[in-house]
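Take a look at the entry below.

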Amino acid sequence: MSSQEHAAPAPLGVGILGAGPVTQAIHLPSLARLRGILEVRHIMDVDPAVAESVAARVGARFSTSMEELLADPAVEIVAICSPHQFHAVQVIAACRAGKKAVLCEKPFAMNGEEAAAIAAVSAETGVPIVVGAMHTFDPGWLAAEAAWGNLPEQVHTVRSSIVLPPNPRFEDFATEIVGRTPPAPAANAAPDTAAVKAMLTGGVMGLAIHDLPLVRRFAPDFRAVEVLHAQTVMPFGYVISLRAGDVTIELRAAMNGTWEPSWTFEAIGNDASLSIDFTPSYVHAGSATARIRTAASTTVLGPFGHNGYEGEWRKLAEIARGTGTAPRPETLIHDLEFALAIADAAAACVDAGAAAYEEASA
């Protein structure tokens, strides 16, 4: 057998649509650690100065046109890191361009109709799509999934709790709210319903969405969403309690003056429980650590050598080379439907509360 037959395959070429914070702080560092597998070849941004500057860091081409990037034969995998409203159009265009795989930041669509259109094009073209929900690719989560046995069948309570230091730029980016969050209303003042709904919706689609695919592993009746309580937390955050079928779910987030970030996920069953400590978003600090507890034992899994950001790129490379299995399109659609259902129901709770306030004040 010749030495050429033993040689490692050449790195897959990556093109990135959008050169903002996610690309610069998350994907480029992750790809730098995987340069033997993946190589950035082309970066596109509507701001030519940003595109040129970011591309120069990695020796890639730059452009301000999606069409130019998709026509580049050096680009085999497309990562979509643009604002949410452009995701569906760009995912569909990347599939039609015949690329080997597409990574799209969450949410990959703005509604169910867009999600269904993406799934149809992916099926028609055969181009697999991965959504950048990094926790689902974290080795700590994957190890727990392989070890938890019948836990999903017995879980009755799920919690996602996020506490992060104040970060105005991230808050605005995550929620796409224009400007800062307004101050709390004065005593006896009518609540700013539009602002509260915007913060809740943005919180679900910008922060909670990281964990909602995990929640859905333990809540099979995800379409039967009933939000019991929804409120905002100042200066930024939310508390949402809901039920999905027979499972009670608590979603909490706060950005405040904390000195120590915390991102935890828990699934509690009758005879066993799972708790996972994740590293915060934008942090490259290794994998999550999972603990599976029963009355007789505690199993600790992790930390492992890489985090979920790197994990999603590793998975993407496997899929592009035909050695890995892509997520089913229905899974991606159901994850999105679950997030949208929670966001809509939380907003409806606010409307109901505002109506009750007006009635009581009349």
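Q: Leaving aside its neighbours within four places in sequence, which residues is Leu 38 in contact with?
A: This is a predicted model. In it, Leu 38 is in contact with Pro 11, Leu 12, Val 14, Leu 31, Ile 77, Trp 313 and Ala 317. Leu 38 itself lies in strand E2, residues 38-44.

Q: Why is Leu 38 called buried?
A: Its relative accessible area is 2%. Buried means under 20%. Leu 38 is therefore buried.

Q: How many residues apart in sequence are Leu 38 and Ala 317, and how far apart in space?
A: They are 279 residues apart in sequence. In space, the C-alpha to C-alpha distance is 7.4 Å.

Q: How does the span of H12 compare with what is expected at 1.5 Å a residue?
A: H12 covers residues 308-321 and reaches 20 Å from its first C-alpha to its last. The expected value is 20 Å, so the span is close to it.

Q: What is the order of the strands in the open sheet, and in what sense do they pair?
A: The order is E3-E2-E1-E4-E5-E6, six strands in all, and the pairing is parallel. Strand E3 (61-63) and strand E6 (129-131) each have a single partner strand, so one side of each has no neighbour in the sheet. The twist averages 25 degrees from one strand to the next.

Q: How do you know that E4 is paired with strand E1 and with strand E5?
A: Two strands pair if there are at least two bridges between them. Four bridges join E1 (residues 12-17) to E4. Four bridges also link E4 and E5 (residues 101-104). Both counts meet the cut-off, so both pairs qualify. Ile 16 stands opposite Ala 79 in E4, and the partner of Ile 80 is Cys 104 in E5.

Q: What joins E5 to E6?
A: Three bridges do, and the two strands run parallel. Here Cys 104 has Val 131 in E6 as its bridge partner.

Q: What makes both faces of strand E4 covered?
A: Ile 77 and Ala 79 are buried on one side of E4 (residues 77-80). Val 78 and Ile 80 are buried on the other.

Q: Which helix sits between E4 and E5 in a β-α-β unit, and what is the handedness of that unit?
A: The helix is H5, residues 87-96, and the unit is right-handed.

Q: Which residues of H5 meet residues of H6?
A: Ala 88, Val 91, Ile 92, Cys 95 and Arg 96 do. Their counterparts in H6 are Glu 114, Ala 117, Ile 118, Val 121, Ser 122, Glu 124 and Thr 125.

Key: Residues are numbered from 1 along each chain as its sequence is written. This is a predicted model: local features need pLDDT of at least 70, side-chain atom pairs count only at pLDDT 80 or more; totals for chains, interfaces and linings use all residues. Side-chain values use heavy atoms; hydrogens and water are left out. Buried means under 20% relative accessible area, exposed over 50%, partly exposed in between (1.4 Å probe, protein chains only). A crossover is right-handed if, with the strands pointing away from the viewer, the path from the first strand over the helix to the second runs clockwise. Axes are lines fitted to C-alpha atoms, for helices over the stretch in contact, and angles run from 0 to 180 degrees between N-to-C directions. Contact means heavy atoms within 4.5 Å.
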